[in-house]
Amino acid sequence: MGRPSTTLLSREKIRREALGLVDEVGLAGFSMRKLATALDVKAASLYFHYATKDELLDDVANEIMAEVDVSGFDGDEWRAALRRWARSYRAALAAHPNIVPFLATGPGQRDASLRGADAVHGGLTRAGWPPREATMIGASTKYLVLGAAMGSFSRGFVDDLTVYADRYPSLDRAHLLRGRADEIDRASFEFALTAFLDGLARQYELIESRRKARRRNGKDGA
């Protein structure tokens with residue numbers, strides 16, 4: 001039998017295979033030609049469904065971002081909503097770390113990303129955050145999550161004691177990090193997230209205090 005016709009392809013099948021290929025070879029190694037080979041079709045068949053590689057990757061990114069949970073912003077207390085969002089965001093990216101650099105370029109016109117941003121911004125402003133601060137909280141959370149997803153701090157070390165012990169005395173236990181990478185990276189993310197939320201809580205209290213002072217001053221001047 002010859003190669004399957006383009007009618008056997010679907011955008012869903014192309015996206016699924018594309019994500020698997022990116023997971024395997026990374027963004028630098030991904031190409032429409034390699035994808036066509038993996039699907040056992042001619043490259044021209046792919047362009048019938050997607051005009052460019054970036055258009056395809058945008059659709060793949062959109063599906064990943066659709067898995068991120070922003071439902072807490074519909075009614076949860078803002079700190080709980082942010083924590084749920086950040087954890088879900090990290091989990092979605094951790095499942096496909098090779099595509100994270102593409103996701104880091106911004107939402108563009110990806111519907112799932114924009115719906116998520118809309119939910120986050122709307123939830124924060126309804127909770128009393130000024131729009132400017134709500135925008136910065138969304139951006140800061142993204143920086144935290146992307147940083148955690150881009151690579152592992154713990155796996156950056158080797159498990160050889162002699163590399164560190166003599167030249168870097170304060171790193172005499174660094175050779176143990178690699179063996180506990182998943183645990184340490186997860187705990188480090190939670191530590192950073194908690195510190196971030198605690199700092200935001202203090203900022204929120206200041207904003208509320210200023211808001212109450214303005215209301216009092218307004219009444220006093222009436």
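Rings of Phe, Tyr and Trp (its six-membered ring) pair if their centres lie within 6.5 Å; planes under 30 degrees apart count as stacked, over 60 as edge-to-face and the rest as tilted. With that in hand, Phe73, Trp85 and Tyr89 form one aromatic cluster. The structure as a whole holds seven aromatic pairs.

A word on the source. This is a predicted model, where local features need pLDDT of at least 70 and side-chain atom pairs count only at pLDDT 80 or more, while totals for chains, interfaces and linings use all residues. Residues are numbered from 1 along each chain as its sequence is written, and side-chain values use heavy atoms, with hydrogens and water left out.

How far apart are the ring centres of Trp78 and Trp129? They are 5.2 Å apart, and the planes stand at 90°, so this pair is edge-to-face. Trp78 belongs to helix α5 (residues 78-94), and Trp129 sits in the loop between α7 (111-126) and α8 (131-150), so the pair ties together parts that are 51 residues apart in sequence. Helices here are DSSP runs (H or I, at least four residues), as are strands (E, at least two), numbered from the N terminus. Are these two residues buried or exposed? Buried means under 20% relative accessible area, exposed means over 50%, and partly exposed is in between (1.4 Å probe, protein chains only). Trp78 is buried at 7%, and Trp129 is buried at 4%.

Next, the packing of α5 on α8. Two packed helices are described by the angle between their axes and the distance between the axes. For α5 and α8 the angle is about 35°, and the axes are 9 Å apart. Axes are lines fitted to C-alpha atoms, for helices over the stretch in contact, and angles run from 0 to 180 degrees between N-to-C directions.

Contact means heavy atoms within 4.5 Å. The residues of this contact divide into ten nonpolar, two polar and two charged. For that count, Ala, Val, Leu, Ile, Met, Phe, Trp, Tyr, Cys and Pro are nonpolar, Asp, Glu, Lys and Arg are charged, and the others, Gly among them, are polar.

Now the core. In soluble globular proteins, nonpolar side chains tend to be buried together. A nonpolar core is a set of buried Ala, Val, Leu, Ile, Met, Phe, Trp, Tyr and Cys residues joined through side-chain atoms within 4.5 Å. The largest one has 49 residues, and those touching the most other members are Leu35, Leu46, Leu56, Leu82, Leu93, Leu124 and Trp129. Two or more residues each come from α1 (11-29), α2 (32-39), α4 (53-65), α5, α6 (100-103), α7, α8 and α10 (181-220). Which element gives the most? That is α5, with eight residues. Leu35, not counting residues up to four places away in sequence, touches Ile14, Glu17, Ala18, Leu21, Phe30, Leu46 and Leu56.

Arg15 lies in helix α1 and counts as buried, at 14% relative accessibility. Leaving aside neighbours within four places in sequence, Arg15 is in contact with Tyr50, Leu56, Asp59, Val60 and Glu63.

Most residues other than glycine have a negative phi. Asp40 has a phi near 60°, a positive value. Asp40 lies in the loop between α2 and α3 (43-47) and is partly exposed, at 41%.

Leu8 is in the segment before α1 and is exposed, at 55%. Between Leu8 and Pro130 there are 122 residues in sequence and 51 Å in space, C-alpha to C-alpha. Ala117, in helix α7, is 18 residues along the chain from Thr135, with 9.0 Å between their C-alpha atoms.
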